[in-house]
Amino acid sequence: MKKKLKQLSSAQVIIIGFAAVILFGALLLTLPIATQDGQGATFADGLFTATSAVCVTGLIVRDTATYWSTFGQMIILMLIQIGGMGVVTIAVALAVLSGRRIGLRQRSLMQESISAPKMGGIVRLTGFIIRMTFIFELIGASIMAPVFCKEMGFLKGIWYSVFHSISAFCNAGFDLMGTRQQYSSLTYYITNPVINIAIMSLIIIGGIGFSTWEDFTTHKLHFKRFRMQSKIILVATALLISLPTVYFFFFEFGSMPLGQRIWASLFQAVTPRTAGFNTADLTLLSETGVFIMIILMLVGGAPASTAGGMKNTTLAVMLSTAMSVFSRKEHTQFFGRRIDHETVRTAGTIVTMYITLFVTGGLIISSVEGLPLLTCLFETASAVGTVGLTLGITPELSMISRTILIILMYLGRVGGLTLIFATLSGNKNVTARLPQEKLTVG
């Protein structure tokens, strides 16, 4: 067995690791102690919930607060934390704590798992990620605790603070607000500045990526000293939040009072990055608003972060490539630096894969369920982008549609390219070059 494990590629270890955690979580959620009625969940419900938690998505078929017991909620929170930080990251951390030596293979796994630029210093980086994760989650819980403790009492308030802080930082979108109204998310707190600021800050911090944190730690606010990747991430994040906020303010929430309108617009622009919380009723959005949310969900956050999606750097590379073609420049470039052609090819492949997955899934679900295509595309974009936002159809879907969402959530978390590399790991690259012929496009 050990020999077979050593023969697995890094990509294979990652996808098997995530699958194993999902399966273990699903089995735990079927235990009688995991549900409020003491009957235990069906394996289908347990599998969907465990997949959504480990893949930090937030799509649910059972209301988290009213269906699952405290034990079940703790299992879900544990799965969210593992999924947000990464299975390999957790495994390496446990190995370090137990005093085991971290070999070259483990370092290589860690590098691929968190998309680190180099293997050197990977154990130190792992410690930095874990330390900063718990610090941010603790700060978030401390900020929200006074609000929840005042409303729900001390112990319940602390639990709600910890649960929502971890869920927000890991961009998971699970909530415990079903005790007010099932599947209501954070709509009760649409104008609460403490909850809004805390949740949005955690989503953004978790979504900008570990390498960006390191730049902030090393260079403070000296933006010019940041790595090019961090600069792209921060600029893209600012644009992907500010532009949708302006749209939502002027075109979607015009009937709300000014203060509520500002908070709702900002929160709904942040949450598709891929958190899954909502403070406004998304079913009231226009078709244009729904389509903008779909685009934001597909883009997601930054590489090596708790967020999903095809990543904002991928979008930035594709846009910059288009601009270089328009201006007849040979290379894609950012901040006076040239991007290699391999990165451009990879970005194009990722975009193609995400669009293919979400469109195909949406078409199948629409055909099976007889629902409007845009509604189904919203659901599949939420799944493959590991977001968790929904227009309310998830609990009513058939097993076929739920299976499609499970597959999309899993592929969205481990990454389509990771799955392909794992499948084709035994194939060797062919060095021979085929004859070249010109093809007209556009």
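Contact, as the word is used in these legends, means heavy atoms within 4.5 Å. All views show a predicted model.

**View 1. Surroundings of isoleucine 199 in the largest nonpolar core of the predicted model.** Once its neighbours within four places in sequence are set aside, isoleucine 199 is in contact with Met144, His164, Ala168, Leu186, Phe267 and Phe277. The largest nonpolar core has 106 residues, and Ile199 belongs, with Ile80, Ile294 and Phe378, to those that touch the most other members. Helix α8 (residues 122–152) supplies the largest share of this core, namely ten residues.

**View 2. The crossing of helices α3 and α5.** The axes of helix α3 (residues 43–54) and helix α5 (residues 70–85) come within 7 Å and cross at roughly 40 degrees, and the two helices are therefore oblique to each other. On the α3 side the contact is made by Thr49, Ala50, Ala53 and Val54, and on the α5 side by Ile76, Leu79, Ile80 and Gly83. Sorted by class, the residues in the contact of α3 with α5 are six nonpolar and two polar, with no charged residues.

**View 3. Methionine 74 and tryptophan 159.** Methionine 74 is part of helix α5, and it counts as partly exposed because its relative accessibility is 47%, a value that falls between the 20% limit for buried and the 50% limit for exposed residues. Although methionine 74 and tryptophan 159 are 85 residues apart in sequence, their C-alpha atoms are 9.8 Å apart in space.

**View 4. Helix α9 and the elements packed against its buried residues.** Helix α9 (residues 154–169) has 16 residues and reaches 22 Å from its first C-alpha to its last, which is close to the 22 Å expected at 1.5 Å a residue. The buried residues of α9 are Gly157, Tyr160, Ser161, Phe163, His164, Ser165, Ile166, Ser167, Ala168 and Phe169. Buried residues of this helix pack against α4 (64–67), α5, α8, α10 (193–207) and α11 (210–219). Asparagine 171, which follows α9, has a positive phi, near 55 degrees.

View 5. With neighbours within four places in sequence left aside, threonine 314 is in contact with Ala347, Ile350 and Val351.

Conventions
Residues are numbered from 1 along each chain as its sequence is written. This is a predicted model: local features need pLDDT of at least 70, side-chain atom pairs count only at pLDDT 80 or more; totals for chains, interfaces and linings use all residues. Side-chain values use heavy atoms; hydrogens and water are left out. Axes are lines fitted to C-alpha atoms, for helices over the stretch in contact, and angles run from 0 to 180 degrees between N-to-C directions. Helices (H or I, at least four residues) and strands (E, at least two) are DSSP runs, numbered from the N terminus. Angles under 35 degrees count as roughly parallel, over 145 as roughly antiparallel, 65 to 115 as roughly perpendicular and the rest as oblique. Ala, Val, Leu, Ile, Met, Phe, Trp, Tyr, Cys and Pro count as nonpolar, Asp, Glu, Lys and Arg as charged, and the others, Gly among them, as polar. A nonpolar core is a set of buried Ala, Val, Leu, Ile, Met, Phe, Trp, Tyr and Cys residues joined through side-chain atoms within 4.5 Å. Buried means under 20% relative accessible area, exposed over 50%, partly exposed in between (1.4 Å probe, protein chains only). The expected span of a helix is 1.5 Å times one less than its number of residues.
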